[in-house]
Amino acid sequence: MADIVQQPATGSQNLQQAVQARAKAKRRVRLFLLLPALGIIGIFGLAPLSIALIYSFLEPGTYGGVEWSFSTDAYVQFLFERDIFDDTLGFNSAYLQIFGRSFGLAILTMCGTLMLGFPVAYFIAARPPEQRNAWLFAITLPFWTNLLIRTYSMLLIVRDEGFINLALMKLGVIGAPMQMLYTDGAVLAGLVYSYLPFMILPIYASLEKFDFALLEAGHDLYASRIQVFRHIIIPISRPGIVAGCALVLIPALGAYITPELLGGGKKLMIGNLIAMQFGSGRNWPFGSAAALILMAVVLIALLLSLRAGAEKENRHG
Amino acid sequence: MIDVRHVTKKFGEGATAVMALEDVSLIIPEGSFFTLLGPSGCGKTTLLRLIAGFELPSEGEIRLDGDSIGHLPPHKRPVNTVFQNYALFPHMSVARNIGFGLEMLKRPKTEIAATIEEMLDLVQLGAFAARRVDQLSGGQQQRVALARALAPRPKVLLLDEPLSALDLKLRKGMQSELKRLQAETGITFVFVTHDQSEALAMSDQIAVMSAGAVQQVGTPEDIYTAPQSRFVADFIGDTNIVTGELLGYDGPMAQIRFGEGRSLSVKTASATLVPGPVHVALRPETITICDAASDAALLIGTVRDATYFGAGSQMSIRLEDGTEIQAQVDRPSPAGTLVGLNCDSAMLQVLAD
């Protein structure tokens, strides 16, 4: 009797052990399969960031590179200027101004690409499915050419002897060429042009499955065209708008080539400032610090906007 | 009351233009359940969209209670639509979907909340107010679409094949639910369908449409028992169309004879046909079988085959002139026998074409 009762108990014990062993093996395999991904994130993501973080707390070497002694000078330098004579710290807003200009230009770039990109994305989403790929191809076509070349051609258009000035002078609108190159306007136009596809593509993705019967339903329920746009089209494409804004704002903040060429190095943006520290400035710690400060500001802004978005969602839910 | 006057709708221009509706005139009485019935491409949905305002007529006029509305945009018409695929707003809760129309009309918040409550009760979805619409089943989405369209209390509710996406059992349930809602609210329902049994079951009046024109308007009984044309007779239920000889008219009735038989007094769709061969509609369930040699036999034919369907059998019979007709009988005769067909002459109808 006792034997018979025991039998199933050992059976289930064995089963349990087998299940546990299997689960353990599975975990090991899973970890092993994750290694390549973890490796890539570590080598290309975390390692460079760590290097930048470490360098930002070191002293600059005379011919570039770093001296291995701890210093917070790089961060202090960002806001203050050390007087050459009495070594006191005075507030210096020069770098803050560059940050300010960068944020201003990046936000304007985001607004510009949104204003231009949204109608284009909507237009493509409203085409018959078999035509859409051709339109998307046309949008991505400029990517096939190097950004440097595209920016140079922009330069040729806006310079004093460029296409716009020549055309306006021929038409007699202006007597002498307008100064357009090396202005904030030129940099903005260049940025909008470069980043437009990054706005169009995510908005298109969010509108791709859009049911256009919803527009009729809205009109039918007493919504005017503007109300339909506000209450139906915008909320449904919001994920695409948010993604597009992030995809444009973040790289626009760190833009280098466009302000370098179209701003002529006079209208500095953060990207130029950082590049300068690693190049002619020979101040690697300060370059690293500037890059990390930029990253911190962007991260905080993103987190805040995400939280605001989530709260909005909750209230409407 | 909706008064559609000489409405024509053309899509496109020139040689490639498609005529969707051609000189359609129709009166839809207030508070009725009115059905536009026809095969796909007959123009019924175009007519509905013209009343909703999604399309504008190429010619003609649409009046609602005397006011011309044919050229107003959809959001200025006191008319709401239940769409074929519901077109519910995916980013809003059930309650906000239902309240959307009133919100756009800038009604006070308390009124909107009360109406949403009332509509949820009306369509029996009280527990689902806070749900997202994509968490609902097809039948529930259908009811939300109904509630959303009814909430602003439109003068007319337009329904564009709203039941076609539901399975058979749900569809039957929704048919009676729609009838109930129409009776409870007293709102004029204009219902578009290609399903003739649905139209017969639900409507106060049916307009049968084909090729961009209204073929016949009448109560379901009118349409079924007194079809005017071959098209209507064919489209509504199963019909046999046989050839008889028109002898003349006796008041409103036509005098008809089949073969060498006696003359019959029969309802007619037209009082202006010339004597000679005419088409007569004969419903399968009105036919009785008798001896071929008997006096009662109006038509004589040979039994081809019979199909049992539970409540009776469907017999296929070939007449002497080669026409194949269907008859529903309790007990079928064996294939190959010569039988006589009899029918109450009140159930026959002479067609106009």
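What is the order of the six strands in the open sheet of chain B? In this predicted model, where local features need pLDDT of at least 70, side-chain atom pairs count only at pLDDT 80 or more and totals for chains, interfaces and linings use all residues, the order is β6-β7-β8-β3-β9-β10, with mixed pairing. Residues are numbered from 1 along each chain as its sequence is written, chains are lettered from A in the order in which they are written, and side-chain values use heavy atoms, without hydrogens and water.

Strands (E, at least two residues) and helices (H or I, at least four) are DSSP runs numbered from the N terminus; two strands pair if DSSP finds at least two bridges between them. Because β6 (79-82) and β10 (213-218) of chain B each have a single partner strand, one side of each is left without a neighbour in the sheet. β6(B) runs parallel to β7(B), joined by four bridges, and V79(B) faces V156(B) in β7(B).

Two helices of chain B lie across the sheet strands listed below, with angles from 0 to 180 degrees between N-to-C directions of axes fitted to C-alpha atoms, for helices over the stretch in contact (heavy atoms within 4.5 Å).

| Helix | Strands crossed | Angle |

The contact between the chains takes 29 residues from chain B and 19 from chain A. One salt bridge (Lys or Arg side-chain nitrogen within 4 Å of an Asp or Glu carboxyl oxygen) is found across this interface: R49(B) meets E216(A) at 2.6 Å, N to O. α2(B) gives the largest share of chain B's side, five residues.
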